[in-house]
Amino acid sequence: MAAAGRVFQFKLVLLGDSAVGKSSLVLRFVRGQFFEYQESTIGAAFLTQTVALNDTTVKFEIWDTAGQERYHSLAPMYYRGAAAAIVVYDITNRDTFQRAKQWVKELQRQGNPNIVIALSGNKSDLASKRKVEPEEAESYANDNGIFFMETSAKTAANVNELFVAIARKLPKNSPQARPGGGQGLVNVTQGAPPAEKKGCC
Amino acid sequence: MEGLPGHFDVVVVGTGLVESMVAAACARVGRRVLHLDTRQYYGARNATFSLRQMGEWLRGEEEEAEAEAGAEAGAEAGAEERRGASLAVRAAPTGPSRASHAGDAAAAALFRPAEFNLDLSPQLLLCAGAMIDVLRRSGVANYLEFKPLGAHLYSAASPAAQPRLAAERVPCSKADIFLSSSLPLLQKRQLMKFLQACLARRAGGDAAAQSWLAGRAVKAAAAPDAPPPRAADESPHGSFAEFAGRQRLPDALLDVALYAILHAPRRLESSADGPSAEEGVNGVCRHLESLGVYGPSAYLANCYGSSELPQAFCRLCAVWGGTYMIHRRVSRILLDDGGRMEAVVTSEGTVRCDWLLLNADSRVELPAAPPSPPAAAPSTARCVCVLTAPVLGAEGEELALCTVFPASDEPGAPTVFALQQDAGVAVCPKGKVVLHLSAEGSAHRSARQLLEPVLQRLLELAAAAVPPPPAAAAEEEEEREEGKGEEKEEEEKKEEEGGSKKEAEKEEEEMKEEEEEEKKEEEGGSKKEAEKEEEGQMKEGTKEETLDDAAAADGGGAGEGNDERRGGEAGGGEAPPPDATPALDAPPPRVAPQVLWGAFFDLPLRSSTDGSGAALPANVLPVDDLPFAIDSEAAVERAHQLFKTICPDKPFLPSLEEYPPEPAVDEMEAEIECETPRFIDTQFTTKVEYERWLQSRSSSRTSG
């Protein structure tokens, strides 16, 4: 395989209403932690986690909304260059499912046309308070060409599976969703690199 | 809608670059920030639009919609009975003045308008400048992608004397100077001496000068705030032009330094005018320090348009707890007995706050305010157009800046900054080019009057660099074939997009016909007449939009110049002869760039107080529109000042090491056991310290 042993980096964004557990999913995935009373996301909004598949390695650059979704004020830069998105709803709250559908629409409108979208019905540990049946979400997902999993950041059920499934679905051979295929971009974050060896002499 | 907290430390209205930086800086040091924007998009004057949005904005459609929303909000605020004094805040017009030449209907038929990111105020980042420093330190750079500027050029505008003067490279590094073909040997030596003298005048300058001489990157000598000029042989007072004169810098090179490096906005009236010697020397040194840091030139561009910068600062603000409400406004400022602002009325309710920052999208109705003065207000003249091929730089240098400075016999004439962008910075589809022209506006001349001659000239220069049309008719036929093939590709693309194919076909047929007509005209020697006609009556539609009289010089392929790149420098005669028998897979022939879509407009520089003499309450800070600058250094300075007014004792956008986050208030946390994740590596690109802190906090909680 041409892609064997290679590392692919992808931007992944989280979307969904406030308090459906977006940050909890990420913290569970990245750090294996869960806080019952997770503060609304402060200070941590840029995490990376690497997933090893059989022949490739996928590095996720995970963007949390940082609360900008609350008043429908998410900046367009959030969607830019995102290769994957997880749209999260809370299975105990029907409104959040309806809003999740809106987010999927928004992504299909604003996002990269080849974006891989996963729908996550979170808080599956609270099955007794369930308001959204998995069958309904499943059929919505099928109709819209996205994939669906019920997850629980609290018990870790399906959390890793969700990210691994996304990693599998991401195209490994098409050019990355970066400007100009990522060519000629410079990294400003890690100090000044030595001058480029471009040009003559 | 969820209820807003009743109190914020700082309310910021407007998401332009300055406001967003202040919002982020305040949130970063623990202030509670509410950030609003009256518009439904981020960026205010630093916004970036798709082609469709740009068209709507130019036609003022956005204003109409806002006016309705504004009336509603106004009524709401008026209905609220309040004791005590208050000031009404109205939405100020954001649109352009004297806009001409917008026609997105035709442009939309040519390509997907969403593929464009067109800046209202295009900007570059100086590699060793304050903006890059802030971006790196604060971690905001993580949210952005950067690309080095390919070519930094200048061109002296004296069309009468030298109608075909090419764009030259700004000579800065030792290699540049030695390799320059335009500088006489004597001038090379004078320039070398001058640049060394500039470096030597700064603290630690000797080392810097040595380093520059050795062709290495020049390190910033001291903290950017206070580099005290060394007591050198030259006195530091006087203007930069006078200093350069004492250093025996020839006038031509002084112009390069003044306009291409220091970006003086207009031709100096006299040598005592312009930047001071100290400002100038610091500017030149900053420029030299910027060379070779990330690329050959001193600048970086960020991808997806300049609106990404304010958005990235907004994200930082949100990450540190800032609350975001776009498309909401402050309609009233409530005052306490002492005349200080104590609260603001927003569309989500009344919010008490200690500070209010208002950008010029809002206008405060001050009690003593006279009716707003007639429009002699300063402005920025702008032109944005979509081209089929680059006009600046060599191949691989599509991202290019060219400073076109005014002729010496035109004191006060504006410097024009031409910034060319391509798909490499994700502002347009592949094969197209976006060209921005910007200059200080003039009350007497519209943006079009100021900038159209420069645009024409750049197009002419580029056309002149393209080899003349081949004589053999057979070859021309070949070219047309190729053009058709590309057009088909374009059609297929449109079909994919679900666009109406038939219409597109019709458009293209029309275009072809028109092109042919123009070609005939040109062959008939009536080129000048056609030009006049075009200037006289600009109708709507693709072809009418074409500003380029030279465009007709090429065949049908010109419209779809997918991979055509113009090699060599503008005006350089090093064009390879056209391939006699072009194979199918050979690179397509170079073509003269053609304007597909373009607009001229003036951006008035507005103020929230609108020139009224009455003062705002001391804790209401206006953020007036900044004059145009090709780099964002002035915005950083303004944001820094505003932040220091609000938080005099706190660092401005510090790093995590410098200013670690304060531990949050006590809250319950429980960690649930789970199987170890089967991931090979957990790595944090940023906020490592924060994560460590989080970890230590959680482990201490579990043990305790």
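Which residue stands opposite B:N359 in β22(B)? In this predicted model, the residue opposite B:N359 is B:V623. That pair belongs to the contact between β15(B) and strand β22 of chain B, residues 620–623, where 4 bridges hold the two strands in a parallel arrangement.

Strand β15 of chain B, residues 349–359, also pairs with strand β1 of chain B, residues 7–13; these two run parallel and are joined by 6 bridges. Within that pairing, B:V10 has B:W355 as its bridge partner. A further neighbour of β15(B) is strand β14 of chain B, residues 341–346, and here the sense is antiparallel, over 4 bridges. B:V344 faces B:V351 of β15(B) across this pairing. The two strands make a hairpin, with 2 residues lying between β14(B) and β15(B). Strands of a sheet pair through backbone hydrogen bonds, and the sense can be parallel or antiparallel.

Another sheet in chain B is open and has 3 strands, ordered β7-β11-β8, with antiparallel pairing. Its edges are β7(B), residues 125–126, and β8(B), residues 146–148, each of which pairs on one side only. Between β7(B) and strand β11 of chain B, residues 299–302, there are 2 bridges. B:L125 has B:L300 in β11(B) as its bridge partner.

Of the 704 residues in chain B, 56% are buried. Contacts in chain B that link residues at least 6 apart in sequence are 77% made up of pairs at least 24 apart. The accessible surface of chain B is about 29,500 Å², and carbon and sulfur atoms account for 51% of that surface.

Among the helices, α2(B) covers residues 51–59, and its buried residues are B:L51, B:M54, B:G55, B:W57 and B:L58. Why do these residues lie on the same side of α2(B)? They do so because the arc they cover around the axis is only 165°. Just after α2(B) comes B:G60, with a positive phi of about 80°.

The packing of nonpolar side chains can be followed through the cores. The largest nonpolar core has 119 residues, and those with the most contacts inside it are A:F60, A:L119, A:I166, B:M21, B:L135 and B:F313. Helix α1 of chain B, residues 17–28, gives the most to this core, with 9 residues. Another core lies apart from the largest one and has 75 residues, including B:A47, B:A241, B:A264 and B:V434.

The confidence scores bear on how the coordinates are read. The model has an ipTM of 0.89 and a pTM of 0.79. The average pLDDT of chain B is 75, and 64% of its residues score at least 70. Over residues 510–587 of chain B the pLDDT is below 50, although this stretch has 153 contacts in the model beyond near neighbours in sequence. In residues 74–81 of chain B the pLDDT also stays under 50, and the model has 7 contacts beyond four places in sequence for them. Where pLDDT is low, predicted coordinates should not be read in detail.

Technical notes:
Residues are numbered from 1 along each chain as its sequence is written. Chains are lettered from A and ligands numbered from 1 in the order in which they are written. Side-chain values use heavy atoms; hydrogens and water are left out. Buried means under 20% relative accessible area, exposed over 50%, partly exposed in between (1.4 Å probe, protein chains only). Contact means heavy atoms within 4.5 Å. Accessible areas come from the Shrake-Rupley method with a 1.4 Å probe; for residues, only the protein chains shown count as cover. The arc is that of the directions from the helix axis to the C-beta atoms. Two strands pair if DSSP finds at least two bridges between them. pLDDT is the predictor's confidence in each residue, from 0 to 100. A nonpolar core is a set of buried Ala, Val, Leu, Ile, Met, Phe, Trp, Tyr and Cys residues joined through side-chain atoms within 4.5 Å.
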